[in-house]
Amino acid sequence: MRKNKIESKVNHQVLGNPISPDLEILYSHLKDINFNGEIIELGCGDGYFVNQLNECGYQAIGTDVSLIELEKAKLKYPKQNFYLEDAETLSFENDSIDA
């Protein structure tokens, strides 16, 4: 099911709107990946990509060093997981994140 969701998004539609070139690139790389692991986005900002990945069936979480950006992300996407983390000193256990 995940592959079909990604393929439909690669066909230039997200909620009836054309997708941006950066999302098109992301989806083109993900469409052939089959794994059930967790994806972390470092520097997730407002959480847009984390939300898009989760909508495609991936398990994505977001991290950022900016509390302001994380607050925006949590307001915009309350069902997603966001953490205040520095990419150089992540507190996640080794081998707990796959991509």
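**A chain of helices and strands**

Modeller: Read from the N terminus, the elements of the protein chain follow the order α-α-β-α-β-α-β. Helices (H or I, at least four residues) and strands (E, at least two) are DSSP runs, numbered from the N terminus. This is a predicted model: local features need pLDDT of at least 70, side-chain atom pairs count only at pLDDT 80 or more, and totals for chains, interfaces and linings use all residues. Residues are numbered from 1 along each chain as its sequence is written, and side-chain values use heavy atoms, with hydrogens and water left out.

Biologist: How many helices and strands are there in the protein chain?

Modeller: Count the elements along the order α-α-β-α-β-α-β. The protein chain has four helices and three strands.

Biologist: What is the orientation of α2 and α3 to each other?

Modeller: Helix α2 covers residues 21-30 and helix α3 covers residues 48-55; their axes are 12 Å apart, at an angle of about 40°. Axes are lines fitted to C-alpha atoms, for helices over the stretch in contact, and angles run from 0 to 180 degrees between N-to-C directions. Angles under 35 degrees count as roughly parallel, over 145 as roughly antiparallel, 65 to 115 as roughly perpendicular and the rest as oblique. Therefore α2 and α3 are oblique.

Biologist: Which residues of α3 make the contact with α2?

Modeller: Contact means heavy atoms within 4.5 Å. From α2 come Asp22, Leu23, Leu26, Tyr27 and Leu30. From α3 come Tyr48, Phe49, Gln52 and Leu53.

Biologist: By class, what residues does the contact of α2 with α3 have?

Modeller: Ala, Val, Leu, Ile, Met, Phe, Trp, Tyr, Cys and Pro count as nonpolar, Asp, Glu, Lys and Arg as charged, and the others, Gly among them, as polar. Sorted this way, the contact of α2 with α3 has seven nonpolar, one polar and one charged residues.

Biologist: Is the aromatic pair of Tyr48 and Phe49 stacked or edge-to-face?

Modeller: One aromatic pair turns up in a search of the whole structure. Rings of Phe, Tyr and Trp (its six-membered ring) pair if their centres lie within 6.5 Å; planes under 30 degrees apart count as stacked, over 60 as edge-to-face and the rest as tilted. The ring centres of Tyr48 and Phe49 are 5.7 Å apart and the planes are at 70°, so the pair is edge-to-face.

Biologist: Is Gly62 buried or exposed?

Modeller: Gly62 sits in strand β2 (residues 59-64). Buried means under 20% relative accessible area, exposed over 50%, partly exposed in between (1.4 Å probe, protein chains only). The relative accessible area of Gly62 is 0%, so Gly62 is buried.

Biologist: Which residues is Gly62 in contact with, leaving aside its neighbours within four places in sequence?

Modeller: Take Phe82 to begin with: Gly62 and Phe82 are 20 residues apart in sequence, but 4.6 Å apart in space, C-alpha to C-alpha. With those neighbours set aside, Gly62 is in contact with Glu41, Cys44, Val50, Asn81, Phe82 and Tyr83.

Biologist: Is Ile68 buried or exposed?

Modeller: Ile68 belongs to helix α4 (residues 67-76). Its relative accessibility is 58%, so Ile68 counts as exposed.

Biologist: Which residues does Gly43 touch, not counting residues up to four places away in sequence?

Modeller: Gly43 is in the loop between β1 (38-42) and α3. At 49% relative accessibility, Gly43 counts as partly exposed. Not counting residues up to four places away in sequence, Gly43 touches Thr63 and Asp64.
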